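Colleague: Before I use this model in my own calculations, could you take me through parts of it with some care?

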Amino acid sequence: MEKILKILSDVRPDIDFESETLLVEGGLLDSFDIVSIISELNDAYEINIRVHDLKPENFNSLSAIQALVERKLSEK
Amino acid sequence: MKPVLDIDFVDKVLADFFKKETLTNNYILREEYANLIESQALWYDQLGENIFFYVRKDGFFRLYYFINEPDIVYNLSYDEPIVLEILYRGEKYFPTIHQKYWSAASFKSHLTRDCYFLKNTALNVEDLGLSLEIKKGKSLEEIRYAKELIDSNLDRFTGDHLSMEEVATFAENGFLYLAYFDGNPCGILQADFKNAVFWLGHVVVDMNYRGKGVANSLVNYYLKEGSALGCKQFQLWVIQDNTPAVNLYKKFGFTYLNKSSYSMLKK
């Protein structure tokens, strides 16, 4: 969780990722932020998050992002 | 260049041409693509494994690309200017490879803009003073004045140029502010409220009134308004080498948001 939180905070230092639960649907993250986050997660965890994973529910909160990373790690 | 007629084509391009190593400046959401197709504003071109989307704007095209074969130079030639904009996360991520590719295709560096933010909680409204009279623009005359200032002072390719209708809508929503000096209008600021963020869209000071603290008063007013509206934070884009503007925003406490935009232009 700490590692993901660091990646997210590097991309958007202004957002409190530990408390927000509508990061995408609330408009806090835009598509550029999501693409940046995907790129960082793919590099850090050597996973492959693709365009079809780009659904709001996968990026709305820290826990949703963590769940996505874990799913991708289990698919490796 | 051919028109894109349905969203299935866009889906296929994203699935087939958008890979991990693809050079792309594409951050358009699917629904935005659908809107562009509906208004017949989306076109495409293909060169080998490279695909290019063109969005029709007023007097120019905006280019989005998916480059999988960077060795193939795209020597496009159209009558109208073409602009491309690349988002990146701070200097260490500057899109050098993109710049090199498009320089070879005769594009020239245009503008670099940085995104700044300020938390509402970091703001002390009591400290904000106004040295000029600021009013919300409502009348047709005020809307026209704002539109003229924007048209004559801001970049038409990258600055989200506003139509008369859009300026009127901001005025209607109470997000257009005019500064007055001795009873004469001397500058405007247009804001927008989106998802608890109070955006500073455009600020322009009349050439004849520069150096009189007009921008300072307008930004003061904007911050007070946003604070009263209960926004979570303030955000804006500023041209990187516009030092007076950058310094003004920094003075108010704005800091860089790890987000920049580099644009290139072919006329």
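Colleague: What average pLDDT does chain B have?
Modeller: This is a predicted model, and the predictor gives the complex an ipTM of 0.78 together with a pTM of 0.89. Within chain B, 99% of the residues score at least 70, and the average pLDDT is 92.

Colleague: Is strand 6 of chain B mostly covered or mostly open, and how many of its residues are buried?
Modeller: Strand 6 of chain B spans residues 82-88, seven in number, and is mostly covered. A residue counts as buried when 20 or more other C-beta atoms lie within 10 Å of its own, and by that criterion the number of buried residues in this strand is six.

Colleague: Which residue of strand 13 of chain B is the bridge partner of Tyr88(B)?
Modeller: Strand 6 of chain B runs parallel to strand 5 (residues 61-67) of chain B, with three bridges joining them, and there Leu63(B) stands opposite Leu84(B). With strand 13 (residues 255-266) of chain B, by contrast, strand 6 of chain B pairs in the antiparallel sense over seven bridges. In that pairing, the partner of Tyr88(B) is Ser260(B).

Colleague: At roughly what angle do helix 1 and helix 2 of chain A cross?
Modeller: Two packed helices are described by the distance between their axes and the angle between them. The crossing of helix 1 of chain A and helix 2 of chain A is right-handed. The axes of helix 1 (residues 2-11) of chain A and helix 2 (residues 31-45) of chain A come within 10 Å, and the crossing angle is roughly 140°.

Key: Residues numbered from 1 in each chain as written. Chains lettered and ligands numbered in written order. Predicted model: local features only at pLDDT ≥ 70, side-chain atom pairs only at ≥ 80, totals over all residues. Buried ≥ 20, exposed ≤ 12 C-beta atoms within 10 Å, placed from the backbone. Helix = DSSP H or I, 4+ residues; strand = E, 2+ residues; numbered from the N terminus. Pairing = 2+ DSSP bridges. pLDDT = per-residue confidence, 0-100. Axes fitted to C-alpha atoms, helices over the stretch in contact; angles between N-to-C directions. Left-handed = near helix turned anticlockwise from the far one by under 90°.
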